[in-house]
Amino acid sequence: MNKVRDNAAEAVADIPDGASLAVGGFGLSGVPEVLIRALHEQDATRLEVVSNNCGVDGRGLGILLAAGRIARVTGSYVGENKEFARQYLAGELEVELVPQGTLAERLRAGGAGIPAFYTPAGVGTQVADGGLPWRYAPDGTVAVASPPKETRDFAGRTHILEHAVTTDYALVRAWRGDRHGNLVFRRAAANFNPLAAMAGRVTVAEVEELVEPGELYPDEVHLPGIYVQRVVRLSPQEAADKQIEKRTVRA
């Protein structure tokens, strides 16, 4: 039951080329930066990433993106990364944009063993009708477009069928965790991290504070250890290295 690994490099060493990854974080809050940097050093490529966003230039998943190591992204927000936009418009990157609540539920459903669900989000748009550019050709034409989705009416309202997401691996960041993999997330970092962790077949968690089993009260655990296979303890310096995207202060 001791799921602790000696370091981040060991924890991500077996992630192969072409692996799919669910990655926690929202903007730069709760991003598993240490695991991402270890994966960057590990050299796996052609990765397929499912995450709310793809980091920013030079931070988070933006590090892997700039190195040309990501082949496909499923996400809901991509507006803070110029390199992301360049690769997408140049036809170097395949992108599936998903409504944010739908993405959250697709990850949760994957972890709960629910293969698909119906939602009204996206009805009457290209999300439902198809035609969203997933990948561009070098000449600017659409090389791959999203397909139309199955619809069904419930109580007189149209819904679209969305499929659950499961991935080969998940990378997440938690505030506290124990050696059994039970995790507690703090404030804004509780964003997509629990959902990403549920969706991964092998979930790796970096934790700011590692405690012994029994030190976490059962009712404060946000994610039970059944969803977590590997735990990496961060150093105080790594735990304190937190950035924000845009700092706003009063004059």
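This is a predicted model: local features need pLDDT of at least 70, side-chain atom pairs count only at pLDDT 80 or more; totals for chains, interfaces and linings use all residues.
Grid points are joined across faces, edges and corners, and a volume is the space filled by probe spheres set on the points. Among the residues lining the second largest cavity are Val-23, Ile-36, Cys-54 and Leu-61, together with Gly-24, Ser-51 and Asn-53. By class, this lining has five nonpolar, seven polar and no charged residues, where Gly counts as polar, and Asp, Glu, Lys and Arg as charged.

In total, three cavities of 30 Å³ or more were found. The largest cavity holds about 80 Å³, and of its 13 lining residues, Glu-96, Leu-97, Val-127, Leu-132 and Lys-149 are the closest to its centre. Its lining comprises seven nonpolar, two polar and four charged residues.

Thr-119 belongs to strand β6 (residues 116–119), a strand being a DSSP run (E) of at least two residues, numbered from the N terminus. Thr-119 counts as buried because its relative accessibility is 13%, the limit being under 20% with a 1.4 Å probe, protein chains only. Excluding residues up to four places away in sequence, Thr-119 touches Thr-102, His-159, Ile-160 and Glu-162, contact meaning heavy atoms within 4.5 Å.

Residues are numbered from 1 along each chain as its sequence is written. Local features need pLDDT of at least 70, side-chain atom pairs count only at pLDDT 80 or more, and totals for chains, interfaces and linings use all residues, while side-chain values use heavy atoms, without hydrogens and water.

Key:
Helices (H or I, at least four residues) and strands (E, at least two) are DSSP runs, numbered from the N terminus. Buried means under 20% relative accessible area, exposed over 50%, partly exposed in between (1.4 Å probe, protein chains only). On a 1 Å grid over the protein atoms alone, a cavity is a set of points where a 1.4 Å probe fits but cannot get out, and a pocket is an open set with protein on both sides within 12 Å along at least five of seven lines; lining residues have an atom within 4 Å of a point.
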